[in-house]
Amino acid sequence: MKSFTFTAPNYEEWKESAIQSLKGKPFESLFTKTTEGIELKPLYTKEDLDQQKISRVTKPAFGWTVAQPVSATTGEDFLLQLKESLERGNEAIAYNGLHPISWSEQALRQLAQLLTEYPLLFTEVKKEDPILQAFSYIEDAKRADVTGICISESTVLPEDLPNVKTKGADLWTAHHEGADAVTELALSLAIAAELAEKATSFEEFTKDFYVRFASDTHFFMEIAKFRAFRVLWKLFNEAYGVENAKQVPLLAIRNSIHM
């Protein structure tokens, strides 16, 4: 078998076989268009790649962070599930405030300790959520150790958490209301521009900025969306006179996070 070889078919041979399998349908029916207006071919070859102009940007050094949400009814149960998930590969404390849970003082103190060791991802948190009491148990000297992202319609975190991002472009709703990838990217930059204009400096803006994208089962388009944002983010920075763009966190929420 080591000496056995196959004859490599060419594109025309593949096309002929494809037409035969269509049983009368035109070959053009194999071409499809995405909602973004991009035509997808039924087969791509090396010649297609040679014709493409590829834009590359440096990937963030911090890589991807797994943030698996924990669902519980009490703080003790939340901590138990959280610790088990961290042992299995989870890398962040992910919490959704749509279903607040009850906390004891002891559980809040344990959570406070974990918040100085792992990044947080808090979403849809309301100001009266009991989980926020955990921050009162973090010593002043360790408050800068708290990192991550908090997504909320209003200010819910204490002001002395300098490394938690709270302002960003949240495209979750836009995606589920029918926005395609191009529209999501355009909205992300429009929101970024609005926040940048309000900030006292561009550096201050980027320090607190994040982008949350929803991602569905169109995997290749979703991957392209994230790559396109990195290219656009570089151009966005250049428009503000910043040559070396500082990367910002991208959250990929499926119906895992880039921190």
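Predicted model: local features only at pLDDT ≥ 70, side-chain atom pairs only at ≥ 80, totals over all residues.
Phe-122 stands opposite Cys-150, a residue of strand β5. Phe-122 itself belongs to strand β4, and the two strands, β4 (residues 120-123) and β5 (residues 148-151), pair in the parallel sense over four bridges. On its other flank, β4 pairs with β3, again in the parallel sense and over four bridges, and here Tyr-95 is the residue opposite Phe-122. Strand β5 likewise pairs with β6 (residues 164-165), the sense being parallel and the number of bridges two; in this pairing, Ile-149 stands opposite Lys-165. In general, the strands of a sheet pair through backbone hydrogen bonds, in either a parallel or an antiparallel manner.

Together these pairings give an open sheet of four strands in the order β3-β4-β5-β6, with parallel pairing. Strands β3 and β6 stand at the edges, and because each has a single partner strand, one side of each is left without a neighbour in the sheet.

The two strands β4 and β5 were next examined for burial. Both faces of β4 are covered, with Leu-120 and Phe-122 buried on one side and Leu-121 and Thr-123 buried on the other. Strand β5 is also covered on both faces: Gly-148 and Cys-150 are buried on one side, and Ile-149 and Ile-151 on the other.

Within β5, Ile-151 has a relative accessibility of 5% and therefore counts as buried, the limit for this class being under 20%. Residues up to four places away in sequence aside, Ile-151 touches Phe-122, Thr-123, Glu-124, Val-125, Asp-170, Tyr-210, Arg-212 and Leu-251. Ile-151 and Asn-96 are 55 residues apart in sequence, yet their C-alpha atoms are 9.5 Å apart in space.

Glu-124, one of the residues touched by Ile-151, lies in the loop between β4 and β5. Its relative accessible area is 23%, so Glu-124 is classed as partly exposed. The phi of Glu-124 is near 50°, a positive value in a residue other than glycine. Most residues other than glycine have a negative phi. A positive phi is also found at Lys-23, where it is about 55° although the residue is not a glycine. Lys-23 is placed in the loop between α1 (11-21) and β1 (32-33), and with a relative accessible area of 77% this residue is exposed.

Helix α4 (residues 105-115) has buried residues at Ala-107, Leu-108, Leu-111, Ala-112, Leu-114 and Leu-115. Viewed down the axis of α4, these buried residues fall within an arc of 160°, and they therefore line one face of the helix. An α-helix has 3.6 residues a turn, so residues three or four places apart point the same way. The buried residues of α4 pack against α3 (75-87) and against the strands β3 (93-96) and β4.

The second largest pocket has a volume of about 940 Å³. Its lining comprises 30 residues, and those nearest its centre are Cys-150, Thr-155, Thr-166, Lys-167 and Asp-208. Two or more lining residues are contributed by each of β5, β7 (167-170), α6 (181-198), α7 (202-207) and β8 (209-215). When the lining is divided by class, 14 residues are nonpolar, five are polar and 11 are charged.

Thr-206 has its place in α7 and is buried, its relative accessible area being 7%. Neighbours within four places in sequence excluded, Thr-206 is in contact with Lys-165, Trp-233 and Val-248. Val-182 has its place in helix α6 and is partly exposed, with a relative accessible area of 48%. The C-alpha atoms of Val-182 and Leu-98 are separated by 29 Å, the two residues being 84 residues apart along the chain.

Methods
Residues numbered from 1 in each chain as written. Heavy atoms only, no water. Buried < 20%, exposed > 50% of the residue type's maximum accessible area, 1.4 Å probe, protein only. Pairing = 2+ DSSP bridges. Arc of directions from axis to C-beta. Contact = heavy atoms within 4.5 Å. 1 Å grid on protein atoms, 1.4 Å probe; cavity = no way out; pocket = protein on both sides within 12 Å on 5 of 7 lines; lining within 4 Å. Points joined across faces, edges and corners; volume = space filled by probe spheres on them. Nonpolar A, V, L, I, M, F, W, Y, C, P; charged D, E, K, R; others polar.
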